[in-house]
Amino acid sequence: MTTLLISLAVLVGGYALYGFLVERVFGIDASRLMPAQTRADGVDFVEMPTWRVFLVQFLNIAGLGPIFGAIMGVMFGPAAFIWIVAGTIFGGAVHDFISAMMSVRSGGDSLPELVGRELGPVIKQVLRVVSTVLLILVGAVFIRTPAGLLAGMTPGWADVTFWITVIFLYYICATLLPIDKLIGRFYPVFGFALLFMAGGLLYVLLFGGLEIPDGMAFGLESRHASPDTHPLFPMMFVSIACGAISGFHATQSPMMARCLKNERLARPVFYGAMVAEGIVALIWAAAAITFTGGYEGLQEYMSAHDAGDLVHDISVSWLGAFGGILALLGVVAAPITTGDTALRSARLIVADFLHVGQDKLMKRILV
């Protein structure tokens, strides 16, 4: 428990201290007009309440990362707690804040335009292609995965093909509609639910009379069942990648930078959302080893089940029937809300590349 409490305290302290330093180095100007004000189009450049922008940003970057990634990463041992904390403070949060602020200062430009401005037209063209293809692949993965899960929970007529069709049609709507009409209204609900679930698990961990077997006293060596084929470096760092080394975040931050009201809100929204993801990851890492009785127990469980089963079992056992609903949200809604914003980001990148305004629906459909 000590390791968990120290990790949580350091994360919060990192936001207050290092986040403040990063903000000072960048040079926040609260008097500067924002893209949502200078390029308002009612579709992508839309001022939204800060709490909504925060929750949408959190859900955009989180998805299944702080849940599944933390579970798979903690299989390598207590070093996972250090990596989640350090990677979040010095890597992921800085990355998300800087990519958002670069977009703000460039009028809301997407990632390839920002990179091309610094590294030249050749790199810009390469990144335009790579980013668009990878975002479409992300969308494809997060259609197929939740569709399979939903097919297993519904009657036989609602098979995988049915759910793929439903999810894809939803993606089209989320990609084309103004950001405040669908994403801005429903994402905050899902984001709050994921945070609420993490808060409930933290309460059980701290006050449920449980022992958290973090194993820090026995060193930081890998606890993986196959350390020869799964060495601590780089496997653990890749398993817990979403917070510290995920370039996907750089495609999401500019999207929400177009909805921010003031530069002084950038640290709470972008640095803060990444710290929130780190907190959720710490809680799930601790929950995984506590529920299964330690690293060996976790290895045995994962040899017979997948991470989705563990999420369901922990949620239902510790939070009851309501926990089961939250678990369903975690393994189904979270990937869906990542997939649709991936496709929306792809639309924005292509629109920037082709210099096609997105204020008209037909232009968005054509892109």
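Which are the buried residues of H7? Before selecting them, note that this is a predicted model, in which local features need pLDDT of at least 70, side-chain atom pairs count only at pLDDT 80 or more, and totals for chains, interfaces and linings use all residues. Residues are numbered from 1 along each chain as its sequence is written, and side-chain values use heavy atoms, with hydrogens and water left out.

**Stop 1: helix H7**

Select residues 121-151, which form helix H7. Helices here are DSSP runs (H or I, at least four residues), numbered from the N terminus. The buried residues of H7 are Leu127, Arg128, Ser131, Thr132, Leu135, Gly139, Phe142, Ile143, Pro146, Ala147, Leu150 and Ala151. Buried means under 20% relative accessible area, exposed means over 50%, and partly exposed is in between (1.4 Å probe, protein chains only). These buried residues pack against helices H6 (111-119), H8 (160-176), H11 (248-257) and H14.

Now check the length of H7. Its 31 residues should span 45 Å at 1.5 Å a residue, and its end C-alpha atoms are 45 Å apart, so the two values agree. The expected span is 1.5 Å times one less than the number of residues.

Stay in H7 and pick alanine 147. Its relative accessible area is 0%, so alanine 147 is buried. Leaving aside neighbours within four places in sequence, alanine 147 is in contact with Val160, Trp163, Ile164 and Ile167. Contact means heavy atoms within 4.5 Å.

**Stop 2: helices H11 and H14**

Show H11 and H14 together. Two packed helices are described by the angle between their axes and the distance between the axes. The axes of H11 and H14 come within 10 Å and cross at roughly 70 degrees. H11 is therefore roughly perpendicular to H14. Axes are lines fitted to C-alpha atoms, for helices over the stretch in contact, with angles from 0 to 180 degrees between N-to-C directions. Angles under 35 degrees count as roughly parallel, over 145 as roughly antiparallel, 65 to 115 as roughly perpendicular and the rest as oblique.

Where they meet, H11 supplies Phe248, Thr251, Gln252 and Met255, while H14 supplies Thr338, Thr341, Ala342, Arg344, Ser345 and Leu348. Select arginine 344: it is buried, at 0% relative accessibility. Its contacts beyond four places in sequence include Val43, Asp44, Ala174 and Met255.

**Stop 3: the nonpolar core**

A nonpolar core is a set of buried Ala, Val, Leu, Ile, Met, Phe, Trp, Tyr and Cys residues joined through side-chain atoms within 4.5 Å. The largest one has 101 residues, of which Val74, Met256 and Trp284 touch the most other members. Helix H12 (residues 266-291) gives the largest share of this core, 18 residues.

**Stop 4: arginine 267**

Remain in H12 and select arginine 267. Is arginine 267 buried or exposed? Arginine 267 is buried, because its relative accessible area is 14%. Its side chain reaches the backbone oxygen of tyrosine 15 at 2.9 Å.

**Stop 5: two backbone details**

Most residues other than glycine have a negative phi, and most peptide bonds are trans. Select histidine 355, in the loop between H14 (307-354) and H15 (361-366). Phi of histidine 355 is near 60 degrees, a positive value. Histidine 355 is exposed, with a relative accessible area of 68%.

Finally, go to proline 234 in helix H10 (residues 232-239). The peptide bond from phenylalanine 233 to proline 234 is cis, with omega near 10 degrees.

How values were computed:
Helices (H or I, at least four residues) and strands (E, at least two) are DSSP runs, numbered from the N terminus. A polar contact is a pair of N or O atoms within 3.5 Å; within protein, one must be able to donate a hydrogen and the other to accept it, and residues adjacent in sequence count only if both atoms are side-chain atoms.
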